[in-house]
Amino acid sequence: MRSQRRFLKIAAVAAIPALIAVGCSDDDEEGTSTGGTSAGGSASGEVVISGSSTVQPITSLVAEGFKAENPDVGISVDGPGTGDGFELFCAGETDISNASRPIKDEEAQACADAGIEYVELKVGIDGITVATSPANEAIECLDEQAIYAIVGPESTGFDTWAAANELAAEVGSEYTDLPDAPLTITGPGEESGTYDTFVELAITPTAETRVEEGKISEDEAESTRPDYQSSPNDNVIVQGIEGSDTSFGWVGYAFYKAEAERMKAIAVAGEDGTCVEPTDETIASGEYPLARDLFIYVSKASIAENPSVQAFVDFYMTDAGTQAVADAGYVQLTDEDWQATVDAWNAV
Amino acid sequence: MGLTTTKQTQQAVAARIQRGGTDWKGLLFQLSVLASLVVALVLLLVLLWTVFWDGIGTLTERGLDFLTSGTSGNPDTAGVWQALYGSFWIAVFVVVFAIPTGIAAAIHLEEYARDNWLNRLINTTIRNLAGVPSIVYGILGFTVFVEILDGITGGRSVIAGGFTMAVLVLPIVIITSAEALRAVPYAIREAGYGVGASQWEVIRHHVLPYALPGILTGTVLSIARALGEAAPLILVGAVTGFFASSKDASFTDELQGPFTTLPNIIYDWARQPQAGWPENTAAAIIVLLVVVLTANATAIVFRNRYDKKRHQ
């Protein structure tokens, strides 16, 4: 009996702070919650950041550095994905949105409809690496047309590399002698920014001419073949690439760099037909075809209302920001490009 | 009677009937169940061993620092402090809201409710609710606690997460408590009524103490379940990146601010590409296992102590 009574006492004591918390918050929040949503961001010294999971590590590092100098600011960096991030951003729920691609027209429209103005700042570059198993001796280089023939929407059902030869020739690839070896493909799923960028950079250019020729529909031009192993987890993708000697897959360049000994990067031929390996230099110079820019979008309303947001982006635009890009494993902008970003911010 | 065991008798009788032949079917069955046990155990040990092997380096190297550091973009300085704090509050919400409510509901269903169609329907519904995938509770939590009750929870906060988890484990608490109450022999209640006790007195002094060890087991399972869930909390808004609250933030500000929990931090770290994160992930898994096992062990100690006291 006694221990039972003690148990009840403990439960009662534990309940008190929780009830107080609930009681207090009721009063505090009523005023600010209505004001917060209409004004598009909180003005309480909180910086709320969401968006791309690719950019999340960069902004996290910047946020830590900023937090160390400004202990009185609350800050949170989340990474649900670029598209989800813009939805929150255009609903006025976040101050800054990380993005692994420029904002889409319909997203920009949603922001405009909600009266959210923003400034776009390019902070770094990420490359897509097309990879195969280190044991694969047959494949050194491919052009975009060959990649289209291997994973584009028309390649559905190809289970050997050689099966893609005919299509590769049809779309004008230089690589029409692919080996007769099993083809297993692993890559990020459709929800991933890396998937979007891969499609945009590697598939769409060729797909657009196919749409004009009437071979595929416009919807198909924005997708890969559906029959490949997809995973949101980069580690699973690498396991898939390692799993077969003649595998094919694609990952972000940062991840390739971190796990370079487990994959063999396939060089990609540019417009003039020369093969370009993905390296820090070829990506920064724009030589390597499969690279994408990384951005942060800052709400102008937040800048005006919340001095912490202004201070945070000011900090981002110092060396701390560009250093974070490198620390997170991405490619830094060239000095001129970085200066252009800083100028764009200072002009706001 | 006392000279032969049941097993010896069974063997002697079987041998006589089967004329000394070997019971092949029986042997095969015994071997196959043993094999299943071995497979299950080996898989579990391989899992635990690989996690332990990957994570122990980080834990011994960083030691307390790993437990007291917050979220970070740098694997060398990232720690689980905020996740431990978040998980602690999830457990508090479950203990404070789900467990008393659940036990009370179970007492009503088992002791007071009449056996009619309505109560049978309620019983069936609760059983089905216990089997609803946790992600569905995440959607419920997002709609009710993040959106509608925004004023109380502060939106995507540990309060919203705690309430969501409390609702998620409620059916489990009710079912396990009801099972424990049902296991109390009816003779105990009859004896109570026989000496003139009221229904309240019988429940309070006889049924509940008898059922308490079983109820405690159920509550431990529910806390362990709440500590291990990640999916619903992603919907409720557990932060997957970095966060820190202002140094001026009050206690309530913190409860209403961004949060994460151990399973969420494991989910986040597991998908980070850079070197160092896989080891951190394994170390965080070890921390989560230790926390859950500690919670379980505490309740077992409680239960055993209570069991002993009652029998004295």
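**Exercise 1. Decide whether B:Phe302 counts as buried, partly exposed or exposed.**

Solution. With 17 C-beta neighbours inside 10 Å, B:Phe302 counts as partly exposed, because a residue is buried if 20 or more other C-beta atoms lie within 10 Å of its own, exposed if 12 or fewer, and partly exposed in between, the C-beta atoms being placed from the backbone. The next step is to locate the residue: B:Phe302 belongs to helix H14 (residues 277-311) of chain B, where helices (H or I, at least four residues) and strands (E, at least two) are DSSP runs, numbered from the N terminus. Finally, the C-alpha atoms of B:Phe302 and B:Thr217 are 9.9 Å apart, although 85 residues separate the two along the chain.

This is a predicted model, in which local features need pLDDT of at least 70 and side-chain atom pairs count only at pLDDT 80 or more, while totals for chains, interfaces and linings use all residues. Residues are numbered from 1 along each chain as its sequence is written, and chains are lettered from A and ligands numbered from 1 in the order in which they are written.

**Exercise 2. Find which part of chain A has pLDDT under 50.**

Solution. Begin with the whole chain: its average pLDDT (the predictor's confidence in each residue, from 0 to 100) is 82, and 86% of the residues score at least 70. The part in question is residues 1-44 of chain A, where pLDDT stays under 50 and for which the model has 46 contacts beyond four places in sequence; two residues are in contact if their C-beta atoms, placed from the backbone, lie within 7 Å. Where pLDDT is low, the predicted coordinates should not be read in detail.

**Exercise 3. Work out what surrounds A:Val73.**

Solution. A:Val73 lies in the loop between H2 and strand S2 (74-77) of chain A, and it counts as buried because it has 24 C-beta neighbours inside 10 Å. Leaving aside neighbours within four places in sequence, A:Val73 is in contact with A:Gly45, A:Val47, A:Lys67, A:Ser308 and B:Ser246. For A:Val73 and A:Ser308, which are 235 residues apart along the chain, the C-alpha atoms are separated by 6.8 Å.

**Exercise 4. Identify which strands pair with S3(A), and in which sense.**

Solution. Two strands pair if DSSP finds at least two bridges between them. Strand S1 (residues 46-51) of chain A runs parallel to S3(A), and 3 bridges join them; here A:Ile49 has A:Ile96 as its bridge partner. Strand S12 (residues 291-299) of chain A pairs with S3(A) in the antiparallel sense over 4 bridges, and A:Val298 in S12(A) stands opposite A:Ile96.

**Exercise 5. Determine where the buried residues of helix H13 (residues 319-327) of chain A lie around its axis.**

Solution. The buried residues are A:Gly321, A:Thr322, A:Ala324 and A:Val325. They cover an arc of only 150° around the axis, which puts them on the same side of H13(A); the arc is that of the directions from the helix axis to the C-beta atoms. These residues pack against helix H2 (56-69), strand S4 (118-132), helix H12 (307-316) and helix H14 (335-346) of chain A.
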